[in-house]
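Me: Got a model open here and want to talk through a few spots in it. Can you take my questions as they come?

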Amino acid sequence: MPSFYRTQTLKIEAQPIFSEAHAASAALWNGCCFEMDMYQWQRGYPHAHRDFYFGKDCEGWIDRKLSHPLLHSQSRQAVRERYFKSWLSYSAVKKSGGVRKPKPPNKRKNYMTTRWKKSAIRFVEGSLFGKRVELSMAQGQPKIEIPLPNNFDMSKAEHIATIDLCYNYGHWTLHFSYVYHTETPETGKEVVGVDIGEIHPIVSHDGQDTHIYNGRYIRSLYRYRNKVLADFSQTMSRCKRHSKRWWRLTRRKWKRIRKIDNQIKDALHKQTTKFVKYCQAKGIGTIILGDLTGIRNNIDYGKKTNQKLHQWAFGKIAELITYKAKALGIKVKVIDESYTSQTCPKCGNRKKPNNRNYTCKCGFQYHRDGVGAINIREKYLGHFGVPVVAEMGFPRMTPPLGFRLEVPVASS
Ligand SMILES: [Zn+2]
């Protein structure tokens with residue numbers, strides 16, 4: 001039975017202790033950075049942040065040095081764990097060479113999300129004061145009590161692994177993460193290649209059909225977001241920084257942006273859910289994604305395309321597809337996608353497409369992103385660049401999803 005973590009969020013009322021906890025977590029993070037420097041310096045690595053190997057010894061050493069009068073010992077440990085996790089991903093990124101100048105995690109923080117682990121969490125139900133969750137702090141410190149709404153589903157409470165206290169654009173939220181079990185699904189045999197394109201969020205090819213998921217709505221949201229930001233920064237440039245008016249505008253700005261971000265998130269969820277459901281219906285067992293690491297860092301496409309590319313939620317889409325597919329028992333594999341958008345699937349000739357259609361001298365014509373999806377699939381199956389003669393369906397554009405909201409399109 002496959003199981004994985006899921007997260008549920010809950011908006012809560014602010015308490016003064018929250019920002020103290022966040023400052024405490026940040027202090028511990030800064031402590032980690034300092035102790036890491038000390039650890040390396042004592043071992044003769046004066047500027048060791050580049051190529052330093054560390055192991056359990058280093059973790060234990062740092063753990064012993066850290067203490068805080070406010071936070072629970074496990075919340076303290078969680079900071080240290082996150083610190084080492086980002087070291088690991090730093091060295092992974094450095095090894096793969098996907099990012100031009102990766103930075104080790106040594107940046108000081110002022111605030112940091114606080115995490116509680118299982119033994120510091122207690123749910124209270126049916127008491128005089130109503131349903132609530134108690135989060136333990138360090139010994140001798142009062143617990144944080146947070147009331148929960150009555151309709152908040154607690155049936156999975158015994159599986160809750162961690163609770164994160166987050167601050168997002170002026171609101172406090174609790175993120176409950178819990179272990180989620182699914183039935184063992186039957187796994188399909190088919191393979192689908194996916195190109196996360198710069199125009200369309202998902203273009204898939206399953207050997208016969210190509211599906212293009214329309215990206216117009218999401219693109220318009222990103223454009224609208226840019227416009228809102230530009231408008232506000234123009235207005236705000238005329239008033240004094242940190243003045244009353246400046247703060248009012250800042251609050252208003254983030255309110256608008258938060259709303260747009262939620263719309264983007266919602267649209268990405270709908271597109272990915274639709275795609276994964278389609279895969280399930282088609283009996284697909286493996287989804288192949290092109291590896292996108294470094295696409296935003298290594299190549300300079302010019303100012304305008306750069307902005308477009310930077311904003312595409314590449315990683316987000318891949319992440320959503322991965323976890324949704326996993327829940328249905330579909331494997332997700334990532335392969336190197338170099339040359340997949342340039343090679344002709346029919347004769348193997350290499351040519352850069354210069355408009356929305358890919359045309360080859362052998363007479364092959366296809367939608368440009370569709371070619372990428374075909375080749376990503378072929379690459380996984382091991383016949384990439386090998387001339388094949390196969391019948392292929394026409395690329396189909398799926399209609400924009402049933403969005404509940406009117407599409408706000410920025411003029412210009
Ligand atoms: Zn060709």
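Me: Which helix is Arg-377 in?
Reply: Arg-377 sits in helix α9, residues 368-381. Keep in mind that this is a predicted model.

Me: Is Arg-377 buried or exposed?
Reply: Buried: the relative accessible area of Arg-377 is 12%, and the cut-off for buried is under 20%.

Me: And what does Arg-377 touch, leaving out residues up to four places away in sequence?
Reply: Val-191, Val-192 and Gly-193, plus His-205, Asp-206 and Gly-207.

Me: Switching to rings. How many aromatic pairs turn up in the whole structure?
Reply: The search gives 10 aromatic pairs. One of them is Tyr-213 with Phe-275: the ring centres are 5.9 Å apart and the planes stand at 90 degrees, so that pair is edge-to-face.

Me: Why edge-to-face for Tyr-213 and Phe-275?
Reply: Because the planes are at 90 degrees, and anything over 60 gets that label.

Me: Which parts does that pair tie together?
Reply: Tyr-213 is in strand β10 (residues 210-213) and Phe-275 is in helix α5 (residues 244-281), so the pair links parts 62 residues apart in sequence.

Me: Which residues form an aromatic cluster?
Reply: Phe-18, Tyr-167 and Trp-172 make up one.

Me: What about charges over rings, say at Tyr-339?
Reply: There the charged end of Arg-350 is over the ring, 3.8 Å from the centre. Lys-351 lies over the face of Tyr-358, with 5.9 Å to the ring centre.

Me: Back to α5. How do α5 and α8 cross?
Reply: Their axes come within 9 Å and cross at roughly 45 degrees, with α8 covering residues 314-327. That angle makes α5 oblique to α8.

Me: Left-handed or right-handed, that crossing of α5 and α8?
Reply: Right-handed.

Me: Which residues make the contact?
Reply: From α5 they are Leu-268, His-269, Thr-272, Thr-273, Phe-275 and Val-276. From α8 they are Lys-316, Ile-317, Leu-320, Ile-321, Tyr-323, Lys-324 and Ala-325. So Phe-275 takes part in this helix contact as well as in the ring pair with Tyr-213.

Me: Last one, the whole protein. How many helices and strands?
Reply: Nine helices and 15 strands. The protein has 412 residues, and 42% of them count as buried. Taking contacts between residues at least 6 apart in sequence, 69% join residues at least 24 apart.

Key: Residues numbered from 1 in each chain as written. Predicted model: local features only at pLDDT ≥ 70, side-chain atom pairs only at ≥ 80, totals over all residues. Heavy atoms only, no water. Phe/Tyr/Trp six-rings, centres within 6.5 Å; stacked < 30°, edge-to-face > 60°. Helix = DSSP H or I, 4+ residues; strand = E, 2+ residues; numbered from the N terminus. Lys NZ or Arg CZ within 6 Å of the ring centre and 35° of its normal. Axes fitted to C-alpha atoms, helices over the stretch in contact; angles between N-to-C directions. Parallel < 35°, antiparallel > 145°, perpendicular 65-115°, else oblique. Left-handed = near helix turned anticlockwise from the far one by under 90°. Contact = heavy atoms within 4.5 Å. Buried < 20%, exposed > 50% of the residue type's maximum accessible area, 1.4 Å probe, protein only.
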